[in-house]
Amino acid sequence: MPVKLIEPGNDLSQAEWKLRTTRQQWLIWLGWLVGISLFLLCWKVISDNTMWVFVEDAPRQGADLLRRMMPPDWAYSERLWKPLWDTLNIATLGTLLGIIMAFPCAFLAARNTTPHPLIRSLALMIIVSSRSINSLIWAMLLVTILGPGILAGILAIALRSIGFVGKLLYEAIEEIHPTPVEAITATGASRMQVMSYAVLPQVMPAFAGISIYRWDINIRESTVLGLVGAGGIGLQLNAAINTLAWDRVSIIFILIFATVLVSEYISAKVRKAFI
């Protein structure tokens, strides 16, 4: 049936008419029916597996928890500077190690720089494998293998960063302008010279932005790795929660929040300088 699309305030002479066939009309109604049915099914599954008694009591429990967290135990902050420094080191060293491993993977995964399709498939498999596992899961596996400590946290952040940096970087490599590559290739330059003078200058600003952005994300992720024994301030957070020391939990939250704010400010300034 005909449908008139007209914005408020416009006269009928400016109306756009589009003919919607019966098949299109039925497909639209079918789409709405499927969407509503899926929503109701999901709601039923969630409702059947939810204890609504606890949900009804949640506001009172939340208010009680906030009262226990106030005032924060400011004296406890003196014991948090070392774990906080460890957290920053985990994020920074893990990001650096991840970037070192992701850089060659990105060039091997990009269609216009890979030496062979099989090598590209292998590089893509590494990138996808890294992105498919969360850093917390990496930390759990590494703590089991290496034991608890900062090393497990650094490697967990690094392994997670490979997929993030590698994917965004190889997409940036595939989107470079081909003219400089063709011009330098026409001079008889070797493959490495083409990479150095035609490809790298085009992707370095994107590479810098991606690396800094990943470091900013890793600052947040490294704060919780201690929950599984991978070092950092998360160890103190886990201990405070287990002992119900909510005033200490609040000061840890405040320090984490302040750290994230500072890292966000630094990363924004650095990205502005590079890009």
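Colleague: Where does P71 lie?

Modeller: The model is a predicted one. In it, P71 lies in the loop between α2 and α3, the latter spanning residues 81-109.

Colleague: What kind of peptide bond joins M70 and P71?

Modeller: As a general idea, most peptide bonds are trans. Here, a cis peptide bond joins M70 and P71, with omega at about -5°.

Colleague: How should I read phi in the case of L244?

Modeller: Most residues other than glycine have a negative phi. L244 is not glycine, yet its phi is positive, near 60°. L244 lies in the loop between α9 and α10, where α10 covers 246-274.

Colleague: Is L244 buried or exposed?

Modeller: The term "exposed" calls for over 50% relative accessible area. L244 has a relative accessible area of 54%, and therefore counts as exposed.

Colleague: Let us turn to charged side chains. How many salt bridges are there?

Modeller: Side chains of opposite charge can pair when their charged atoms come close. The cut-off used is 4 Å between a side-chain nitrogen of Lys or Arg and a carboxyl oxygen of Asp or Glu. By this rule the count comes to eight salt bridges.

Colleague: Which parts does the pair R111 and E174 tie together?

Modeller: R111 is in the loop between α3 and α4 (117-132), while E174 is in helix α6 (residues 150-174), so the pair ties together parts that are 63 residues apart in sequence. The closest N and O atoms of R111 and E174 are 3.5 Å apart. As to accessibility, R111 counts as exposed at 61%, and E174 counts as partly exposed at 26%.

Colleague: In which helix do R220 and D216 lie?

Modeller: R220 and D216 both lie in helix α8, four residues apart, about one turn of the helix. The distance in their salt bridge is 3.4 Å, N to O. R220 is partly exposed, at 34% relative accessible area, whereas D216 counts as buried at 2%.

Colleague: R220 leads me to T223. Which atom of R220 lies 2.5 Å from a polar atom of the T223 side chain?

Modeller: It is the backbone oxygen of R220. T223 is placed in the loop between α8 (191-222) and α9 (233-242).

Colleague: Is T223 buried or exposed, and which residues does T223 touch beyond four places in sequence?

Modeller: The term "buried" calls for under 20% relative accessible area. T223 has 7%, and so is buried. Not counting residues up to four places away in sequence, T223 touches T87, I233, G234 and I256.

Colleague: Which residues form the nonpolar patch on the surface?

Modeller: The patch consists of W26, I28, W29, W32, I36, F39, L40, W43, W52 and V55, with about 1,200 Å² of accessible area together. Helices α1 (22-48) and α2 (52-69) each supply at least two of its residues. The largest share, eight residues, comes from α1, and L40 is placed in that helix.

Colleague: Finally, which residues does the UniProt annotation "domain: ABC transmembrane type-1" cover?

Modeller: According to the unreviewed UniProt entry, the annotation covers residues 84-267. Over residues 84-267 the chain is 83% helix and 0% strand, and the end C-alpha atoms are 18 Å apart.

Terms used. Residues numbered from 1 in each chain as written. Predicted model: local features only at pLDDT ≥ 70, side-chain atom pairs only at ≥ 80, totals over all residues. Heavy atoms only, no water. Patch = residues over 30% accessible without salt bridge, like charges linked within 9 Å, V, L, I, M, F, W, Y side chains within 5 Å. Areas by Shrake-Rupley, 256 points an atom, 1.4 Å probe, with all protein chains shown as cover. Buried < 20%, exposed > 50% of the residue type's maximum accessible area, 1.4 Å probe, protein only. Polar contact = N/O pair within 3.5 Å; in protein donor to acceptor, adjacent residues only side chain to side chain. Contact = heavy atoms within 4.5 Å. UniProt positions renumbered as here; feature names shortened; annotations may be inferred.
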